[in-house]
Amino acid sequence: MDKKQSHLEPEKVLNLRQISGELEKTGLENNKRKQRFQWTVQRIRLSPQERHLAASLKCTHTEELRCVVVRLERRRFLPLHPQHVTLTLEKVFSFEWATDEILFYSTLEGLRSSAVFRLDLTSSGSRITSVFEEMQPDVFVEVALTRDRQILTINCNSRTSSEVLLSDIATSNLDPFVVQPRQLNLLYHVEHWRGRLIILANTGLGQEYQVVQAPVSEPSMDSWVSLFAPEPRTTIKDMDVVGDHCVLVARTPVSELALIVVPLIHPKNAYIVQLPSWACAIKTKKPGLADQQNMLEFLISSPVHPPVPYCLHPENGLLLSGTGDGSSPENQADYITTRLEACSQDGTFVPVTLFHTVPVEHLRQAPLLVHVYGAYGRDLNMEFYPEKKVMLEQGWALAYCHVRGGGERGLSWHRQACVGGKRRGVEDLQACLHHLFSLGVSSPSLTALTACSAGAVPVGALCNRHPLLMRAVTLQAPFLDVLGTMEDHSLPLTLEDRDEWGDPVGNPEHRHIITSYCPLHNITPQHYPSMLLTAYSGDNMVPLAGVLKYTEQLKKAVHTHSSMKPKSECKPAPNIALNIQPGANHLGTEDFELMLEEEALKLAFLYMELGLDPPRPPRKRRR
């Protein structure tokens, strides 16, 4: 950098307050409540020569998406100066610059992204043309650049298939072409390296992910050559191409996270980079224009460990933490991470991750909060949450049950609990609880379950079958009416979700299976655990009507059970509470104060229902 430049103060190139004011004027015209809009920046992309900046904005109240394009000017020895907002694009979901004048972007209509457009910025104005439109209703489309910024990809993914189109931005011909036409049960993701495609595809043993390569000129499946296949029970979760190496995020047989480095010139020399044993979540950073391409930067965390930056140099396997010396972050050793396996009803071993501060044998009197998800092939969310750290310091034990239906042990882990196998997730959760209790971890009277969205299905089903296994339950944006939702084809996700839950309208067997476990349709008069259900009026993924119906029927069942027993035999009736947050979507409120209130309510509910003393103030650590 020139010395004259190094002393200059940073200068704004995007004035969010000014832009938000203009967008707010438009929004208020159609908003009867006249509430104040809040726009937040979601993503920023600079064009290759930094002549333009594109930024996506989201309105917190309406979920509206906008993308603003700003023309930048570089003056000699001066920083970038914004000239003006060139234009505003509506409903933009993903976007990438192909050149300094050409932007590709996809749009979001409701819950569906199906179209890609091309914006051409010329000296006389701008022109928008349609590039691609996906006709299948269950396919989601987005655009992305490969890590080396040489190839723009249009990724078309459904739950059961993938199709990727490429545009070689290093050439003047930007017309996209297909890598491999869609095939049922074929999933793949594409990166680029030295004129070749590096592809993560589920063509390995047992339809699990492996790494293959193909020339850009002949990208179809007939040209795929295997580069690397993991060992049995080691599953690949993500892929990056860093310099001349393919770096894979993987889970080992004991469900620990690790990095596998595959030299692309000599793939047989692949090696494993071990991460700290407490690492449960990893987030890699895509390089910017000025970032080094030969190292991988990422964050690792756990529910109780704040994110820690790490850097991997794949050419020599050097792994550095944010401290620069590879040492563990301060206070990480205060928390114990124990990895267990519970034997389910059919003999399958289900992984459990347990966080605690005292040895397992001293946890008999500890309150236990059990987390579960088990759907769509997604891993249970194990990123850092401050409230989990607080609970651990207050003496709680936290268990994360990786039941089938999720993706912790590969694609087959998901397939085993789809449609006809959905009951396996319930059986797995039950086995996890029994295993924890048998080890001396807590007891049913001190145990609470918590889940979000589709994770409410195994929790709700277990409450119907074995309500005495837990004392309390908290559910957020809970999916509880599986049968009613999958019968309603007018809902946005019903057709897409048939591969996950089945088709109760067109398939009598699917209807019988769903009816057998659906939380709403199996409520019966008995002693249920206390429940706190948090729902959002703006949730377009889980219908609020189903949550209301479930709450009403559950309260009736609890009342009927209480009235059937003599007063001398009645236990205190469980509390069934429904908290409806207005305006928020499926992911919850984005208002910080409301978020704190929501978490405080959950903690107060758990402490009250489990009969615990109020939380102590956090202890101060000695320095």
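**View A. Y400 is a buried residue, with a relative accessible area of 2%.** Buried denotes a relative accessible area under 20%, exposed over 50%, and partly exposed the range in between, computed with a 1.4 Å probe on protein chains only. This is a predicted model, in which local features need pLDDT of at least 70, side-chain atom pairs count only at pLDDT 80 or more, and totals for chains, interfaces and linings use all residues. Residues are numbered from 1 along each chain as its sequence is written, and side-chain values use heavy atoms, with hydrogens and water left out. F355 is also buried, at 0% relative accessibility.

**View B. F355 and Y400 belong to the aromatic pairs of the model.** Rings of Phe, Tyr and Trp (its six-membered ring) pair if their centres lie within 6.5 Å; planes under 30 degrees apart count as stacked, over 60 as edge-to-face and the rest as tilted. By this rule there are eight aromatic pairs. The ring centres of F355 and Y400 are 5.8 Å apart and their planes stand at 85°, so the pair is edge-to-face. It joins distant parts of the chain, with F355 in strand β26 (residues 349-356) and Y400 in strand β28 (residues 397-401), 45 residues apart. Helices (H or I, at least four residues) and strands (E, at least two) are DSSP runs, numbered from the N terminus.

**View C. F479 and W501 form an edge-to-face aromatic pair.** Their centres are 5.3 Å from each other, and the angle between the planes is 70°. This pair also links distant parts of the chain: F479 lies in the loop between β30 (472-476) and α7 (482-487), and W501 lies in helix α8 (residues 498-501), 22 residues apart. F479 is buried at a relative accessible area of 6%, and W501 is buried at 1%. Together with Y376, these two residues make up one aromatic cluster.

**View E. Four strands form an open antiparallel sheet in the order β17-β18-β19-β20.** Strands β17 (235-242) and β20 (271-274) are at the edges and have a single partner strand each, so one side of each has no neighbour in the sheet. On average, neighbouring strands of this sheet are turned by 25° against each other, direction ignored. Axes are lines fitted to C-alpha atoms, for helices over the stretch in contact, and angles run from 0 to 180 degrees between N-to-C directions. Two strands pair if DSSP finds at least two bridges between them. Between β17 and the antiparallel strand β18 (residues 245-251) there are seven bridges. R251 in β18 is the bridge partner of T235.

**View F. Another open sheet of four strands has the order β21-β22-β23-β24, with antiparallel pairing.** Its edge strands, β21 (281-284) and β24 (318-321), each pair on one side only. From one strand to the next, the twist averages 30°. Strand β23 (residues 305-313) runs antiparallel to β24, and four bridges join them. The bridge partner of Y310 is S321 in β24.

**View G. Strand β6 (residues 102-109) is largely enclosed by the rest of the structure, because seven of its eight residues are buried.** Strand β5 (residues 92-97) pairs with β6 in the antiparallel sense over five bridges, and S94 has S106 in β6 as its bridge partner. These two strands form a hairpin with four residues between them. Strand β7 (residues 112-122) pairs with β6, also in the antiparallel sense, over seven bridges; L103 has L119 in β7 as its bridge partner. The hairpin of β6 and β7 has two residues between the strands, and G110 in the turn has a positive phi of about 65°.

**View H. N464 is a buried residue of helix α6 (residues 456-465).** Its relative accessibility is 8%. Contact means heavy atoms within 4.5 Å. Not counting residues up to four places away in sequence, N464 touches C518, P519, N522, I523, Q526 and Y528.
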